[in-house]
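Let's take a walk through this one together. Keep the viewer open and follow along as we go.

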Amino acid sequence: MKLFATFRKGRFDVDVREVSPGTTVSGIAGEVALPEKEIGIVLVNGRHADLSKALSDGDTLAIFPLVGGG
Amino acid sequence: MEDLRGFLRSCAQGDLISWASQVAAADRFLRSVFSVEEAALEMGLMPARYQRNRRTISTAEQLRLFRSRVVIAGAGGLGGYLVEELARLGVGTLVVADPDTFEEHNLNRQLLATPANLGAPKVEAAVERVGRVNPAVRVIPLQCAFSRENGAELLSRADAAVDALDTVTDRVELARTCRELGVPMVHGAIAGWYGQMATQMPGEDITPFIYRSGNEPKGVETTLGNPAFTPAAVASLQVAEVCKILLGQGRCLNRRMLFLDLLEMEFEEVPIASGPAPGAPA
């Protein structure tokens, strides 16, 4: 699991985590206390994924914060 | 026209025409400096102000930039730098849309904001700035918010649009209108030390990937704010992208997004899938 930008603060850059089968992106984001409304881009194995996507063994998850300032 | 051309030819030094000569031509033939610059470029004369562009941008390409129309949606942090760089680059017509006036908290980063123009419309400052920096460039100021109602009119005849807006809702709307009109759009967004940019070419839709449902109107910039350098960095990347789109050169940042972390100095390229958006009907 890779976190980017502000999400690293007080958490980690990269971590290997074990989760129960069927855990979704949303579930694991909750485990590391990422506020869902701050989540922007989500990649699973380098491809875009929904928060509802269930993770499988060996998946790589990357989460970026929502950036919208101009 | 022949008189103007003859005059310009007589003033040229090699294939360069000085600003003083452009102004003299405009006065003498009662033309705008805009039309004098176009006439010079058509003759293969390079306005001297662009001479250091030449190894990068030829005279013919400079004419192409000058005949281009670029819409800058938002004249805040990103927008100020976009106006500055696109005007110096020599893009002939800039449409600048922003409903806001300057406030004190804009001074830390917005190029067009000064203590003297607090309370004044941002688009007015854009006109003044370009008038000082490159008077040959035409600025069309629109003191209004981008919306579904005015979007098509705002983007009419645009060769490219630049997203420098500050809400997700407006950004999604701009991307939609660009898609409907087949106008290439360069997205940029900032928050604190972080920024992102991506290009949406006609036929593509970047918003489901960048903003998922689009239901959150703002991102982490609401807590992080924005320092001086982040808008400058992202806006410069956006202008490079616009230049390539207008000239049909290089490889644009479409089907991928760049995420900038200026704190760690990391630049992450994120793929944007070319198929239907996640969650979209197959």
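In which helix is Thr59(B) found? Thr59(B) belongs to helix H4 of chain B, residues 59-66; helices here are DSSP runs of H or I with at least four residues, strands are runs of E with at least two, and both are numbered from the N terminus. Before going further, some housekeeping: this is a predicted model, where local features need pLDDT of at least 70, side-chain atom pairs count only at pLDDT 80 or more, and totals for chains, interfaces and linings use all residues. Residues are numbered from 1 along each chain as its sequence is written, chains are lettered from A and ligands numbered from 1 in the order in which they are written, and side-chain values use heavy atoms, with hydrogens and water left out.

Back to Thr59(B). Its relative accessible area is 14%, so it counts as buried (buried is under 20%, exposed over 50%, partly exposed in between, with a 1.4 Å probe and protein chains only). Not counting residues up to four places away in sequence, Thr59(B) touches Leu41(B), Gly44(B), Leu45(B) and Met46(B), where contact means heavy atoms within 4.5 Å.

Now for the insides. The largest nonpolar core has 45 residues, and Val70(B), Leu86(B), Leu94(B) and Val96(B) touch the most other members. A core here is a set of buried Ala, Val, Leu, Ile, Met, Phe, Trp, Tyr and Cys residues joined through side-chain atoms within 4.5 Å. Elements of chain B that each supply at least two residues of this core include strand S3 (69-73), helix H5 (77-89) and strand S4 (93-97). H11(B) gives the most, with nine residues. Take Val70(B): leaving aside neighbours within four places in sequence, its contacts include Leu86(B), Leu94(B), Val162(B) and Leu246(B). There's also a second, separate core of 37 residues, and among its members are Phe64(A), Ala97(B), Ala158(B) and Ala161(B).

Over in chain A, look for an open sheet of four strands with mixed pairing, in the order S1-S4-S2-S3. Strands pair if DSSP finds at least two bridges between them. S1 (2-3) and S3 (47-48) of chain A each have a single partner strand, so one side of each has no neighbour in the sheet. Strands S2 (residues 39-44) and S4 (residues 61-65) of chain A run antiparallel and are joined by four bridges; Val44(A) stands opposite Leu61(A) in S4(A).

Ala33(A) sits in the loop between helix H1 (25-31) and S2 of chain A, and at 52% relative accessibility it is exposed. Met265(B) also has a positive phi without being a glycine, near 50°. Met265(B) is in the loop between S9 and S10 of chain B and is exposed too, with a relative accessible area of 54%.

That loop, between strand S9 (256-261) and strand S10 (266-271) of chain B, is also the place of Leu263(B). At 43% relative accessibility, Leu263(B) is partly exposed.

Last stop: Leu181(B), in helix H8 (residues 168-181) of chain B. Leu181(B) is partly exposed at 41% relative accessible area. Its C-alpha atom is separated by 8.1 Å from that of Ser156(B), 25 residues apart along the chain. Neighbours within four places in sequence aside, Leu181(B) is in contact with Ala152(B) and Leu155(B).
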